[in-house]
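Here is my notebook from an afternoon of looking things up. Have the sequence and the 3D view open, and follow along with me.

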Amino acid sequence: LQTRYTIHKILRLLRLDTIGFDEVFLEKVVKKNFKDNDRKMIHSVVLNAMRYHLFIDEIIKKFSTKLNKSSESYYLLLSAITQLLILNFKDFAVINSTVELAKNKDISAPEKFINAVLRNISRNKSKLSKINYNFSRLPLWFTKKVSYWNESQKNEFSKTICEEPDLHIVFKNKKDLNKISSKKIQTSDYSIVIKKSVTINNIEGYNEGLWWVQDFATMLPLYLINNTKNKYIADICAAPGGKTFQLLSYGAKVKAIDKNVKRMELMKKNLHRLKFNCDIEIKDFLKFKKKQKYDFIVLDAPCSSIGTIRRHPEIFFRKKIPDFSKIRLIQKQLLERAKPLVKRNGFLIYMICSFFHEEGIIQIKNFLKENKNFSQIKFSSNKLKYTKNFIDEKGFYYVIPSKLDNHVLIDGFFAAILKKNV
């Protein structure tokens, strides 16, 4: 009951607040005295409840047309239906414990109603599990943002967003790829995907610092550029460090800047594990006063994070939508602060884990209109067979969350290369 009560509280918090799942899980679960199995259950139920909540909402409507989505009953049913239909827990255990939880004085939900709905669902499991999860059921604010997508993109996105993301790891040296005994799929000469569920620090080479975790779509832009050896590079909004680690492995001299203290502490630990040295500054880049110029500036700007929807399904689950006006303004301000620090004939690499045009293509087009001394350089798609589909006709790197032909799941991402001309 304590485990299910925690699931209930976390779902309620994620729906009504703007806090992220990782932060909530750390505070409500990792720092508490839960056993490993209970932690895994909370993690699985909460993430799957958010991933499938639109599908589950359709099921709830079949048995209750007036249920308020802010009510305690809604969170109880959401959690229980996830356990029954998505995770295939034993029916009697789910129903009995959920009804018991409804009696909790902090919840006080109608027990008879909860019991009746769940027993009806239990009797109709095979029929209910066939409800389709299609694009039209996604939030209206989202479908408007991607109205330019074709049917293939819509179908691809809808089919794969509920799947558990892959674990993609990147190596310092390609000769170490074969040291991993787990079932794997090679994605480049420096990276693999591990398909089975595994604890990260139990994978071979973790303690020796042979690799780090970084999504394939996130890794590719710098991998495709690959002319950063011995260059002076500022990595802006660098934590938790994937791109910094990439650049260091390519032989670049990197200054990593980020204002998030907790994420930078994690980055320092990984730098130590990987045996990398890097100049680190914990500071808001908008208040960065130094005038040193760099060969490259890599700006991984704050964004809606919609490209990481599989990892952060709370984006669709939240009652409140992202503040796009604020997000676009911060992105513009960071670009403006970065541009004077780029050397002549140097490069500004703009990246976001979003595929919304207003955060990516439109943001860069507006920057180029206002800064005639910068020009766009097209990404080359020659290095990997997958990448030809990731470079659009304008030469931007543009990926939506999808599944490759080799069954590797990738996040959504956007990147642009801008050159500062003499």
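First, a word on names: helices (H or I, at least four residues) and strands (E, at least two) are DSSP runs, numbered from the N terminus. I am reading a predicted model, in which local features need pLDDT of at least 70, side-chain atom pairs count only at pLDDT 80 or more, and totals for chains, interfaces and linings use all residues. Residues are numbered from 1 along each chain as its sequence is written, and side-chain values use heavy atoms, with hydrogens and water left out.

**Entry 1: a tyrosine in a loop**

I looked up Tyr 190 and found it in the loop between E2 and E3. Tyr 190 counts as partly exposed because its relative accessibility is 24%.

Next I checked its contacts, meaning heavy atoms within 4.5 Å. Leaving aside residues up to four places away in sequence, Tyr 190 touches Ile 169, Val 170, Phe 171, Lys 172, Asn 173, Lys 174, Leu 177 and Tyr 223. Lys 172 lies 18 residues from Tyr 190 in sequence, and their C-alpha atoms are 7.3 Å apart.

**Entry 2: the sheet around that loop**

Strands of a sheet pair through backbone hydrogen bonds, either parallel or antiparallel. For my notes, two strands pair if DSSP finds at least two bridges between them. I traced an open sheet of 4 strands, in the order E2-E3-E1-E4 with antiparallel pairing. Its edges are E2 (184–188) and E4 (211–213), each pairing on one side only. E2 and E3 (residues 191–194) are joined antiparallel over 4 bridges, and I found Val 193 in E3 as the bridge partner of Ile 185.

**Entry 3: the cavities**

On a 1 Å grid over the protein atoms alone, a cavity is a set of points where a 1.4 Å probe fits but cannot get out, and a pocket is an open set with protein on both sides within 12 Å along at least five of seven lines; lining residues have an atom within 4 Å of a point. Grid points are joined across faces, edges and corners, and a volume is the space filled by probe spheres set on the points.

How many cavities of 30 Å³ or more does the structure hold? I noted 2. The largest cavity has a volume of about 60 Å³, and its lining includes Arg 4, Tyr 75 and Thr 98. Helices H1 (2–16), H5 (72–86) and H6 (91–102) each supply at least two lining residues, and H5 gives the most, with 5.

The second largest cavity is about 50 Å³ in volume. Among the residues lining it are Met 50, Tyr 133 and Phe 316.

I moved on to the second largest pocket, with a volume of about 390 Å³. It has 15 lining residues, and the closest to its centre are Asn 389, Phe 390, Ser 402, Lys 403 and Leu 404. Helix H10 (151–160), strand E11 (397–399) and strand E12 (402–403) each give two or more residues to this lining; H10 gives the most, with 3.

**Entry 4: a covered helix**

Last, I checked helix H12 (residues 242–249), which is mostly covered, with 7 of its 8 residues buried. The buried ones include Lys 243 and Phe 245. Just after H12, I saw that Gly 251 has a positive phi of about 90 degrees.

Definitions and conventions:
Buried means under 20% relative accessible area, exposed over 50%, partly exposed in between (1.4 Å probe, protein chains only).
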